[in-house]
Amino acid sequence: MGRKLLLEKAHVENIRLYDVYRQQGGYRSVEKALKSMSPDQVTEEVKKSGLRGRGGAGFPTGMKWSFLAKPEGVPRYLVVNADESEPGTFKDRYLMEFIPHLLIEGMITASFALGSNTSFIYIRGEYAWIVDILEQAIAEAKHNGWLGKNILGSGFDCEIYVQRGAGAYICGEETALIESLEGKRGNPRIKPPFPAVKGLWDCPTVVNNVETIAAVVPIINEGGEEYAKIGVGKSTGTKLISACGNLNKPGVYEIDMTISVEEFIYSDEYCGGIPNGKKLKACIPGGSSVPILPANLLLKTAKGETRYMNYESLADGGFATGSMMGSGGFIVMDDTQCVVKHTYTLARFYRHESCGQCSPCREGTGWMEKILLNLENGKGKMSDIDLLWDIQRKIEGNTICPLGDAAAWPVAAAIRHFRDEFEWHVTNPEDALRRNYGIGHYADPIHVPVG
Amino acid sequence: MNEVQGIISRYPQGKQKSALIPVLHIAQQEFGGWLSTETMDYVASVLQLKPIEVYEVATFYSMFNLKPVGRYMFEVCQTGPCMLNGSDEIVKYIYDTLGIKPGETTADGLFTLKTVECLGACGYAPMMQQGKHYREHLTREKIDSIIAECRNAAAASN
Ligand SMILES: Cc1cc2nc3c(=O)[nH]c(=O)nc-3n(C[C@H](O)[C@H](O)[C@H](O)COP(=O)(O)O)c2cc1C
Ligand code: SF4
C-alpha cells in the first residue's frame, strides 16, 4: 500500500467543510510558514522536495519559483492552472471536488513564498459546480482568518479568486491562460519573455498546476527532505493518476512512483485489470499528447526491464520505444479497440482546439483529421499513411506553443507502433467500416492479475 | 449589476477587461442561453470595451453559443476515452429518441444536441454536460430518464 499525501483524507466525511478539514490537521502548513519561516525558506523546502510540476511538463517547481522576478513596487501573481482539458486527465477535478481546502491551503502558503497578494484559480468553464465548491472553501478560509489582511498577524495579505474559462483546451497553456485571464482570446504568447518576468498584466507571474500547489502542503508540513524520500530518483513524492478507457476500476489514484505499470493496471488496489475478459492492447500513459505504447512496450522497456509508473521509466527508450508521464492521464485500450479510430478522435480534438495562430498547427491538424477519418472509413490510400507522417513532422517544433507537438506526437506514435493496422484499413476497406482491427500480437501476453 | 461590479473589483484599476469572460457567462445565462449581437454590445458598454473586443472573445470559446439553443442542452463528449466507452452509441441513441443530430434543436425548442471535446470526466465515460452539471456513466436508460426529467421540469415551470 503506497503512501498517500494528497488524498489520504479525501474521503473523511464532510472534509469539504472547513471545520472538518481543520480538525484533520488542515492549515498547519500556513501556520508553520507564516509564523516560523521566511518566503525564501518556503521556496527552499520546495526545492529540496524535488517536486516537479504536475501539469504535464514536469519542470522543477522550486526552481520555477526562484526564477520569479521581484522588481520593487510591482505586484507578483500566483495563478493556479485548473484548466484540466487534456483528454484522459481528470485528477485536478477530483482534488478540488473532494478536498478543496487542500488547494486553498497550498495556495496561501505558495502565495506567501512568492509574495502574491492576489492569487487566481483559472478553472475550465465546464467545471461550473466546482467553482461553487471552491468559492465556498475560500469564504470559509477567509472567515477563519486564513485569507484577507495581515494573516495570523504576519503582515502578509492575500486574496484568492476563482476565474472561469469558457471552453478552450489551449487556455491550459500558461501564456494563453494569462491572455484569457486578461479577457482576451486564448492565443499563446511568444516566449521569452517568460511569465516569471512578464505575465499577468505584464507583472511577474507563476503558473502552477492544481496538484503541484496541493503538494506544497505536505512538503511544508513534513519538510522537503522527507518528501523527497518518497518515490525514486527524480520522481519524488506522490502523483495522482487518472485512469480511464477499458479498465475494471477507472478513477483517480494516488501512487508513490515506485509501482510497476503492470501492478497499476492489474492489481485490485488500483485499476483491477481489463473488463470482460479482454486483453490489454495499448495505452497512452500520460494524457492524449504523449506517445501511445503497445502492451509489450508498456509493461516492459525495449531492454526487457520492468516499466514503472514514474517520469524516468515511462520515458525510457525515448519516443522510439517509450512515452511520457505527462499529466498522468492514463488511457487504456483493450484488444477490440481500433487505434486508427482513437487517433482520429484525438486529431479532431487538436484541430478543434488549435488557436489558429501558426499555420503548421492550424492547417496540419485539419489535414491530419481528414486523412485519419478517410482511413478509418476505409477510404484511405497507402500513401496517406506516409502523408500523415510527413504532416506531423512538419508541425513538430515549428509552432509558437507546444500544442502543435502535442497534436503531432500521438499520430507519429500510432503510425510507429501500429502501422500494420493503418495498412489493414487500406487493404480491407469494407472490414474497416464494419469492425475494428484487434489483433492478438499486440495484446498483453500476461493476463494473470498480479498481487 | 452588483455581481458585475464585484467581479471587476477583483482586478487592478483599469483592468476591467479581465471581467469579460465571467460577465459573458452571466449574460448568456440571463439572456436565454445564447449571446446575440445586442447582448454582446451591451456587455461591451458595461465593461467599457469596443464591441469587437467582445465578439472576438465570444467567438473563440466553445461554451458561448452565438445562435439560439434549446432549453436543455445535451453536450455529449466524443473524445478518445469516451469513444472507447461507447459515446457514439449515446449520440445515436439521442438522435433516435429525439430526432436531432449534433447542432440541431427539437421543434418544440426543448432540446439541443451538441457534441463536444473532452470535458475531464474520462473515468466516468460515457458522459455529457447538461446545464451546470455532468451526467456520467450514461446508458440508454439514463438518457431516457434525463429526457423525462427535463420534460417534467419544463411542464412544471410552464
Ligand atoms: C496545449 C497545452 C495545454 C496545457 N494544459 C494544461 C492544463 O490543463 N493544466 C495544467 O496544469 N497545465 C497545462 N499545460 C502546461 C502549462 O503550460 C504549464 O506548464 C503548467 O501549468 C505549469 O504548472 P506546473 O509546473 O505546476 O506543472 C498545458 C500546456 C499546453 C502546451
Ligand atoms: S501551436 Fe497551435 S495552438 Fe499553439 S500557438 Fe500555434 S496555432 Fe496556436
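How much area do chain A and chain B bury between them, and what percentage of it is on carbon and sulfur atoms? The views below start with that question. This is a predicted model, in which local features need pLDDT of at least 70, side-chain atom pairs count only at pLDDT 80 or more, and totals for chains, interfaces and linings use all residues. Residues are numbered from 1 along each chain as its sequence is written, chains are lettered from A and ligands numbered from 1 in the order in which they are written, and side-chain values use heavy atoms, with hydrogens and water left out.

**View 1. The interface of chain A and chain B.** The two chains bury about 3,800 Å² between them, with 58% of that area on carbon and sulfur atoms. Buried area is the accessible area (1.4 Å probe) that two parts lose on being put together, summed over both. A:A166, A:R185 and A:W201 supply 16% of what chain A buries against chain B, more than any other three residues. Contact (heavy atoms within 4.5 Å) links 58 residues of chain A with 39 residues of chain B.

View 2. Look for five salt bridges between chain A and chain B; a salt bridge is a side-chain nitrogen of Lys or Arg within 4 Å of a carboxyl oxygen of Asp or Glu. The side chains of A:E135 and B:R10 meet in a salt bridge, with 3.8 Å from N to O. Among the elements that give two or more residues to the side of chain A that touches chain B are α5, α7 (128–143) and α15 (339–353) of chain A. Of these, α15(A) provides the largest share, eight residues. By class, this side of chain A has 27 nonpolar, 18 polar and 13 charged residues. Here Ala, Val, Leu, Ile, Met, Phe, Trp, Tyr, Cys and Pro count as nonpolar, Asp, Glu, Lys and Arg as charged, and the others, Gly among them, as polar.

**View 3. Helix α5 of chain A.** Helices (H or I, at least four residues) and strands (E, at least two) are DSSP runs, numbered from the N terminus. Buried means under 20% relative accessible area, exposed over 50%, and partly exposed in between (1.4 Å probe, protein chains only). Seven of the eight residues of α5 (residues 91–98) of chain A are buried, so the helix is largely enclosed by the rest of the structure. Its buried residues include A:Y94, A:L95 and A:M96.

**View 4. Domains 1 and 3 of chain A.** Domain bounds come from an automatic or database domain assignment, which divides chain A into domain 1 (18–229), domain 2 (235–334) and domain 3 (339–434). The centres of domain 1 and domain 3 of chain A, taken over C-alpha atoms, are 36 Å apart. Their contact takes 12 residues from domain 1 and 10 residues from domain 3. About 860 Å² is buried between these two domains, and carbon and sulfur atoms give 71% of it. There are zero salt bridges between them, and two residue pairs are in polar contact.

**View 5. Chain B.** Chain B has seven helices and four strands, and its assignment gives domain 1 (2–58) and domain 2 (72–157).

Methods. A polar contact is a pair of N or O atoms within 3.5 Å; within protein, one must be able to donate a hydrogen and the other to accept it, and residues adjacent in sequence count only if both atoms are side-chain atoms.
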